[in-house]
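Here are my notes for a first look. Open the structure alongside them and take the points in order.

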Amino acid sequence: MQTPAQSPLWKTYLLFLAPMVLSNFLQSMSGTVNSIYIGQMLGTQALAAVSGMFPIIFFFIALVIGLGAGAGVLIGQAWGARESHMVKAIAGATLLLGVLIGLLAAVLGSVFARQALQGLGTPADVLDDAVAYARVMMWTLPVVLVYVLFTQLLRGVSDTLSPMLALLLSTAVGLALTPAFIRGWFGLPQLGIQSAAFAGLAGTLAAMAWLSWSLIRKGHPLAPDREFFAALRLDGAILGKVLRIGLPTGVQMIVLSLSELVILALVNQHGSQATAAYGAVTQIVNYVQFPALSIAITASILGAQAIGAGRLERMGPILRTGLWINVCLTGGLILLGYLLSHWLLGLFLTEDSTRAMAEHLLHIMLWSLLIFGFQAIIGGIMRASGTVLVPVGVAIICVLGVQLPAAYWLDGQFGLQGVWMAFPIAYLGMLVLQTLYYTRVWKHQKIERLV
């Protein structure tokens, strides 16, 4: 594993980014194919029930993503400085905190699943199925959150290949078991709408087992060996730094997830057909948004490693490279999304009217994901130095002060399509404000190591 100082920037960037983008593709594909299974084998109402659960799951994952972002920056700086003992210490403290969050999420989420879904305005004809699915998903969260967090930590030492291979195994197991559970093949129980949740848990456990074995065999710096388990303790000094960077990021993710809950509640008012369309559009958007976020994560980790290695002159080139890759990769995916939207949405929506609705909504906002990528990359570069409060504040202000009011007003003016018009407005506001802070303030600050 090489740092930015040991190989050309473009090569380091692509070697880091390619497995992560493929991982995101596999993750999105898994969700999409599961939606296809549910939509085709169980019907549109079942798909609506599953779609209503996504923002709640994302709410808990957001906390772990925030932790991973903070720990990833610290691990990146420690790895750039070649301090392997600090890498393990940061990883151990962060993972133990992630375990506690997962257990809390499982208890609270399963107990209050019905109330939460009712509060979202989940249509009555799918509420019982949605609650049954939600409770299973909640109890799988401790395993899922630890897995998500650990793969984030691996990226801090420039290892994106191991998470990709683990995800490939997880995806294969999950996609094989979902239809088997739905139909009761090979003597397995018929689990109905819960099939995807149980299949996903089996895939995650298989991936974690393989990942542990592989890292130990290779002598990886984050292998779960005796030294690693010894580092599993709540170190206050380390967690203070992790939370200083990660907590604002987690808050940002939570605000985004809460905004999605509000958006979903608006969508639910238009009936279960609109809810199913929302779920289908979300699947397509994920294929574009996750790669854009991967570019931002790459920029942040490479920037952190450059800071740790004392190569501050590389920060500008890292940013420019990320922006150009966003143009090529995210822009290309957006173009494909427009060209193939009718066919893609038809994969998991069987009713023509619902598919037509989803296609119209997708066309309204898909282009704005290029803008979303630009602002995320600029924020990622600043996060590499530990600067998070202002970039996070910009995102929160644009979501709460721009997107949600616009969604409510435009919903009243234009109906369901007005809700989707609010996304481009918010993303443009984020880009303008992030760029202003980066050029007017951040570039003139002194950058120092955090660990």
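1. First, a term for what follows: a residue is buried when its relative accessible area is under 20%, exposed when over 50%, and partly exposed in between (1.4 Å probe, protein chains only). This is a predicted model, where local features need pLDDT of at least 70 and side-chain atom pairs count only at pLDDT 80 or more, while totals for chains, interfaces and linings use all residues. Residues are numbered from 1 along each chain as its sequence is written, and side-chain values use heavy atoms, with hydrogens and water left out.

2. Start with two loop residues. S158 sits in the loop between α6 (127-155) and α7; helices here are DSSP runs (H or I, at least four residues), as strands are (E, at least two), numbered from the N terminus. S158 is not a glycine, yet its phi is positive, at about 70°. With a relative accessible area of 15%, S158 is buried.

3. Now try R82, in the loop between α3 (54-80) and α4 (84-111). Its phi is also positive, near 60°, and R82 is a residue other than glycine. Is R82 buried, exposed or partly exposed? R82 counts as partly exposed, because its relative accessibility is 44%.

4. Next, helix pairs. Two packed helices are described by the angle between their axes and the distance between the axes. Here the axes are lines fitted to C-alpha atoms, for helices over the stretch in contact, and angles run from 0 to 180 degrees between N-to-C directions. Angles under 35 degrees count as roughly parallel, over 145 as roughly antiparallel, 65 to 115 as roughly perpendicular, and the rest as oblique.

5. Look at helix α7 (residues 161-183) with helix α8 (residues 195-218): their axes come within 7 Å and cross at roughly 150°. The two are therefore roughly antiparallel to each other. By class, this contact of α7 with α8 has 16 nonpolar, seven polar and one charged residues. For those classes, Ala, Val, Leu, Ile, Met, Phe, Trp, Tyr, Cys and Pro are nonpolar, Asp, Glu, Lys and Arg charged, and the others, Gly among them, polar.

6. Then there's helix α11 (residues 272-308) against helix α14 (residues 369-383), packed at an angle of about 25° with axes 7 Å apart. That angle makes α11 roughly parallel to α14. By class, the contact has 12 nonpolar, four polar and one charged residues. Contact means heavy atoms within 4.5 Å. On the α11 side, the residues include V285, A292 and A299, and the α14 side includes F372, I377 and R383.

7. Not counting residues up to four places away in sequence, Q252 touches R383, V392, A395 and I396. Q252 counts as buried, because its relative accessibility is 15%.

8. Which residues does Q403 touch, leaving out those up to four places away in sequence? They are S259, I263, C398, A422, F423 and A426. Q403 is found in helix α15 (residues 389-414) and counts as buried, at 3% relative accessibility.

9. Last, the cysteines. C398 is buried, with a relative accessible area of 2%, whereas C328 is exposed at 56%. How many disulfides are there? With a disulfide taken as a pair of cysteine sulfur atoms within 2.5 Å, the count comes to zero.
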